[in-house]
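Hello,

Here is the structure I promised to pass on to you. Have a look at it first, and then read my notes below.

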Amino acid sequence: MDQDTRKKNLFILSELVKKGIKLKYRRSYLGIIWSLMEPLLTMIVLTIVFGTLMGYKEKTFPVYILSGRLLYSFFSQSTTAALKSIRANAAMIKKVYVPKMLYPLSGILFNYVIFLISLVVLALVSVVLGVFPTVYLLQIFIPLIVLFLLSLGVGLILSTVGVFFRDMEYLWNVALMLIMYTCAIFYKTEKLMGSKWGFVLKLNPLYCVIDNFRSALFGEPMNLKFLLYATGFSLVCIAFGTFVFKKNEDKFILSI
């Protein structure tokens with residue numbers, strides 16, 4: 001790929017990202033401010049419900065919930081956007097040649113931008129509730145990068161499958177529900193990890209990412225086993241997703 005083509009593709013990608021952000025908040029009075037308010041309101045509701053039901057009285061429990069919720073929401077929204085990306089841009093694909101991989105990639109990227117903005121809320125809530133930065137906070141960029149890679153890998157696979165199997169959208173919604181409950185968003189894992197069901201969490205790479213993110217946030221060293229597993233899983237997904245996507249992209253036009 002020559003330099004001019006690379007610049008052209010980067011420009012197209014940036015325009016697709018801008019388009020995704022604009023469409024997400026189209027007809028919304030609050031606009032991108034909603035990306036700050038929604039996780040905050042969700043945190044309050046989940047804290048009241050699960051804090052009461054499960055007896056979690058810690059002052060920092062809302063930070064625990066919010067951190068898990070933000071990472072899961074990004075994964076859910078970005079992979080769903082990638083899944084729908086080829087069909088959503090069918091008209092453009094039929095008229096103009098654009099490297100098709102830019103469509104799922106833009107779906108991941110524009111959600112990542114919104115996710116990074118929403119971390120402002122997490123920072124403010126953390127300070128208010130007494131979770132102050134430590135030296136371990138420097139490692140928080142690692143799970144953030146792994147989260148992006150994981151979403152990209154899964155998104156590439158879904159974007160290909162979604163073209164030929166339309167029911168994948170409904171199946172993925174069910175899968176996301178299962179993933180959510182095994183991410184320990186609103187419950188602590190101490191007792192579960194010591195039981196025979198602890199392996200369910202460990203097999204979920206998204207939980208491994210969330211756990212390491214929380215470790216950095218709360219001033220603890222990361223779990224290296226979780227890091228290696230989640231990173232390896234993400235890279236395998238990217239390799240497999242890229243292979244499957246490239247092999248089938250010329251057939252997309254016949255199914256959209």
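In which helix is Val125 found? Val125 belongs to helix 5. Before going further, please keep in mind that this is a predicted model.

Helix 5 covers residues 102-128, which is 27 residues. From its first C-alpha to its last it reaches 40 Å, close to the 39 Å expected at 1.5 Å a residue. After helix 5 comes Gly130, with a positive phi near 90°.

Val125 has a relative accessibility of 10%, and because buried means under 20%, Val125 counts as buried. What does Val125 touch, leaving aside its neighbours within four places in sequence? Its contacts are Leu40, Met43, Val63 and Leu66. Take Val63 from that list: Val125 and Val63 are 62 residues apart in sequence, yet their C-alpha atoms are 6.8 Å apart in space.

**Helix 3 with helix 10**

Val63 also turns up in the contact that helix 3 makes with helix 10. Helix 3 spans residues 61-88 and helix 10 spans residues 205-217; they pack at an angle of about 140°, and their axes are 10 Å apart. That angle makes helix 3 oblique to helix 10, since only angles over 145 degrees count as roughly antiparallel. Their crossing is right-handed.

On the helix 3 side, the contact is formed by Val63, Tyr64, Ile65, Ser67, Gly68, Leu71, Tyr72 and Phe75. Across from them, helix 10 contributes Leu206, Val209, Ile210, Phe213, Arg214 and Leu217. Sorted by class, this contact of helix 3 with helix 10 holds eleven nonpolar, two polar and one charged residues.

**Helix 10 with helix 11**

Helix 10 has another partner in helix 11, residues 224-248. How do helix 10 and helix 11 pack, and at what angle? The angle is about 135°, with 9 Å between the axes. So helix 10 is oblique to helix 11, and the crossing here is left-handed.

The residues of helix 10 in this contact are Pro205, Tyr207, Cys208, Val209, Asp211 and Asn212. Those of helix 11 are Phe226, Leu227, Tyr229, Ala230 and Phe233. By class they divide into nine nonpolar, one polar and one charged.

Best wishes

Note on methods: Residues are numbered from 1 along each chain as its sequence is written. This is a predicted model: local features need pLDDT of at least 70, side-chain atom pairs count only at pLDDT 80 or more; totals for chains, interfaces and linings use all residues. Side-chain values use heavy atoms; hydrogens and water are left out. Axes are lines fitted to C-alpha atoms, for helices over the stretch in contact, and angles run from 0 to 180 degrees between N-to-C directions. Helices (H or I, at least four residues) and strands (E, at least two) are DSSP runs, numbered from the N terminus. Angles under 35 degrees count as roughly parallel, over 145 as roughly antiparallel, 65 to 115 as roughly perpendicular and the rest as oblique. A crossing is left-handed if the near helix is turned anticlockwise from the far one by less than a right angle, and right-handed if clockwise. Contact means heavy atoms within 4.5 Å. Ala, Val, Leu, Ile, Met, Phe, Trp, Tyr, Cys and Pro count as nonpolar, Asp, Glu, Lys and Arg as charged, and the others, Gly among them, as polar. The expected span of a helix is 1.5 Å times one less than its number of residues. Buried means under 20% relative accessible area, exposed over 50%, partly exposed in between (1.4 Å probe, protein chains only).
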